[in-house]
Amino acid sequence: MNSLRTTFARFATAVLVAGIPFILPTSLAAQSQVSAGKTIIILDASGSMWGQIKGRPKIEIAREVIADLLSNLDPSLELGLMSYGHREKGNCEDIELLVPPGKVDRASFLKKVMGIIPKGKTPLTDAVEQAAGFLQYEENPANVILVSDGLETCDRDPCVLAGELAAKGIDFRAHIVAFDLTTEESASFRCLADETGGTFLAAQDAATLRDALEIAVEAASTAKVEVMPEPVIESATIKAPAAVPAGSDFEVKWEGPDHTGDFLTIVAKGALESEWGNYSYTRSGSPTQLTAPVDPGLSEVRYISGGKVLGQADIEVTPSEASLEAPAEVVAGSNFEVNWTGPDNGGDYITIVSKGAEEGVYRSYAYTTNGNPSRVRALPDAGEAEVRYVTGQGDRTLASVPIAVLEAEILVQGPEAVEAGAEFTVEWKGPGNSGDFITIVKADADSGDYNSYAYTENSADGKLSITAVETAGDDYEIRYIEGQEKKTMATAPIIVRPVSGSVSGPDTAVAGSEIEITWSGPAFTSYFITVVDKEADIGSYGRYFYTKNEQSPTRLRVPETPGDAEIRFTTAGKNVLASSAIKITAAKAIFRELPEKVAANGKFRVKWDGPDNKGDFVTIVPATAPEGKYASYIYVQNGQDQDITAPALAGDYEVRYVTDQLGKTLGRSSIEVVAE
């Protein structure tokens with residue numbers, strides 16, 4: 001973010017439309033300087049953000065870029081965060097303000113960003129409208145920065161909203177970052193920037209997303225400006241190679257005005273001036289890197305500024321070639337090596353697919369940048385397949401070879417029946433690849449469903465342990481699941497038998513006291529007994545003990561809150577196997593034979609009557625001390641007749657009996673501390 005303050009003077013009269021700068025019209029630029037206002041970043045979390053760019057999910061790239069942005073952020077900027085599609089699939093109302101706009105707490109802000117998990121749809125229009133509302137855009141200067149990799153999917157027209165925002169806002173601007181979108185795709189919502197006088201930038205990878213966000217933040221951080229004369233269109237010169245292989249990275253040297261938002265792009269020879277292909281912003285300096293398109297042919301590198309081509313250089317994109325060597329046949333689910341030759345451009349990969357699969361389809365894959373040979377996992381289904389070398393840009397197949405996938409010998413075997421919730425041993429045979437696992441599910445469960453499970457790679461002897469479900473039934477099965485595509489490779493039937501338990505204790509108990517509990521039932525891992533309020537949610541617990549570690553009867557402390565309670569025998573799945581009612585009565589404490597006055601720093605004898613639960617204590621504190629405060633203290637479990645030391649300062653004090661669990665005062669008595 002080396003240019004957040006130094007380059008904005010050049011931004012004074014230029015904004016970006018569809019990634020192309022243009023000069024502000026007089027009607028927009030001729031305004032007095034005003035405050036830039038607050039800003040909300042809206043981060044797209046629709047399912048498409050899991051799509052990859054050069055082997056990395058777009059959401060990971062966005063998180064990383066925002067983290068960098070925050071580390072160098074101007075501390076005076078008031079910034080908020082909103083996201084959509086991050087909580088559930090198919091819900092157009094899944095929009096949430098994660099961080100209200102204000103001074104940025106970097107750690108808290110970044111934690112919210114890192115917690116965004118893409119899932120749903122793209123209600124970008126509603127999101128911009130809600131953000132504008134949070135910013136009170138009709139009364140205050142306000143900015144929204146929208147980062148989206150997809151088009152509106154919730155039946156709203158962003159251009160209609162754009163006009164409304166521009167008409168009503170005192171100074172509202174939408175800055176749009178179109179992430180991994182084409183010129184045509186971006187056009188559907190660039191109006192949000194056009195109509196409000198914001199910026200519209202394109203981003204195709206981590207580097208250009210970083211540039212685009214920095215430019216957007218610059219725009220949001222700076223108020224509207226007074227009219228300036230339209231600048232003279234300058235010229236630029238470009239030096240590029242005469243020819244480059246398709247899809248490869250190459251170096252371009254340039255000289256030009258380097259206005260904020262200027263960029264270099266490579267397009268087909270004779271393309272319209274408004275079109276762009278792969279590009280790099282000039283802010284990265286000269287020389288810069290561009291990536292050639294995957295389609296061979298005559299192209300040109302262009303310098304774009306103010307929506308105009310200031311310079312160009314012809315370049316020939318030559319075909320890229322590749323070859324593959326793979327086994328003639330492999331066992332389903334097994335790993336195998338592929339030797340290859342090819343351009344090895346960023347994002348290029350080796351994959352295996354069914355014979356005749358459509359272009360761009362992939363299953364198991366390995367990036368060529370990870371080395372040669374590549375290691376790929378065979379399909380889980382037997383049949384005819386093919387191995388392909390595929391470009392990272394455009395998913396173009398450069399080479400393919402046939403391969404036969406043979407049926408794998410896979411089996412699982414367990415007991416005929418098992419108790420609900422019990423651990424049991426499964427024997428298995430199969431490839432044991434990374435991610436393969438054994439689980440127990442209903443016989444009609446979808447492939448890939450699971451309950452308790454264990455990975456086969458952690459089993460050296462073909463045996464492993466899993467835990468039965470807690471709901472009994474005769475329609476369960478053990479499954480071997482292939483870890484990559486979650487395909488069920490082998491099954492064995494199993495019956496889950498019901499289990500029962502019992503638990504009992506006294507009818508009543510003093511709050512905080514220890515009681516004896518008698519119980520019977522399964523001593524399975526994580527099964528426990530606890531005492532809780534009668535209305536407590538299933539799975540709630542207070543003090544507890546695991547049945548696996550104890551014998552019946554066992555002693556346990558009850559809660560300190562009086563009322564109707566239950567002793568509960570709870571399973572690992574937080575189900576209540578058995579329960580017994582118990583009434584908890586209030587505990588009280590009184591002090592006996594306490595002196596009215598004591599000398600500062602002097603010892604004095606304290607006698608009391610109280611529940612004397614383990615951990616309870618007696619302390620002396622100022623009379624105005626809040627609940628839970630303590631100073632000098634003695635534990636009541638050491639006897640009801642002990643000495644305690646008075647404070648060093650004279651004044652009015654209280655001797656208090658305080659409980660261990662909640663720090664609740666059960667009894668108190670006034671005492672005066674006098675100077676020695």
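**Pocket linings and the sheets beyond**

Happy to! At least two residues of the largest pocket's lining come from each of β4 (52–53), α6 (183–186), β10, β14 (263–268), β15 (278–281) and β23 (365–367); helices (H or I, at least four residues) and strands (E, at least two) are DSSP runs numbered from the N terminus. This is a predicted model, where local features need pLDDT of at least 70, side-chain atom pairs need 80 or more, and totals for chains, interfaces and linings use all residues. Residues are numbered from 1 along each chain as its sequence is written, and side-chain values use heavy atoms, without hydrogens or water.

The largest pocket has a volume of about 1,100 Å³. A pocket here is an open set of points on a 1 Å grid where a 1.4 Å probe fits, with protein on both sides within 12 Å along at least five of seven lines, and lining residues have an atom within 4 Å of a point. Volume is the space filled by probe spheres on those points, joined across faces, edges and corners. Of the 42 residues in this lining, Asp180, Asn278, Gly392, Gln393 and Gly394 lie nearest the centre. By class, the lining holds 17 nonpolar, 17 polar and eight charged residues (Ala, Val, Leu, Ile, Met, Phe, Trp, Tyr, Cys and Pro are nonpolar, Asp, Glu, Lys and Arg charged, the others, with Gly, polar).

The second largest pocket has a volume of about 270 Å³. Its lining has 19 residues, with Asp205, Ala207, Thr208, Ser280 and Gln289 closest to the centre. Two or more lining residues come from each of α8 (206–221), β15 and β16 (288–291). Helix α8 gives five residues, the largest share of this lining. Here the classes are four nonpolar, eight polar and seven charged.

Now follow β10 away from the largest pocket, to whose lining it contributes. This strand belongs to an open sheet of six strands with mixed pairing, ordered β7-β6-β3-β8-β9-β10; strands pair if DSSP finds at least two bridges between them. From one strand to the next, the twist averages 15 degrees (axes are fitted to C-alpha atoms, for helices over the stretch in contact, and angles run from 0 to 180 degrees between N-to-C directions). At the β7 end, six bridges join that strand to β6 (residues 78–84), and the two run antiparallel. Methionine 82 has leucine 97 of β7 as its bridge partner.

Helix α4 (residues 124–134) lies across β3 (38–44), β6, β7, β8 (141–148) and β9 (171–179), running at about 150 degrees to β6.

Four bridges join β21 to β24, antiparallel to each other, and valine 338 has serine 374 in β24 as its bridge partner. In the loop between β20 (329–331) and β21 (335–341) sits serine 334. Serine 334 touches Val376, Arg377, Ala378 and Asn433, leaving aside residues up to four places away in sequence; contact means heavy atoms within 4.5 Å.
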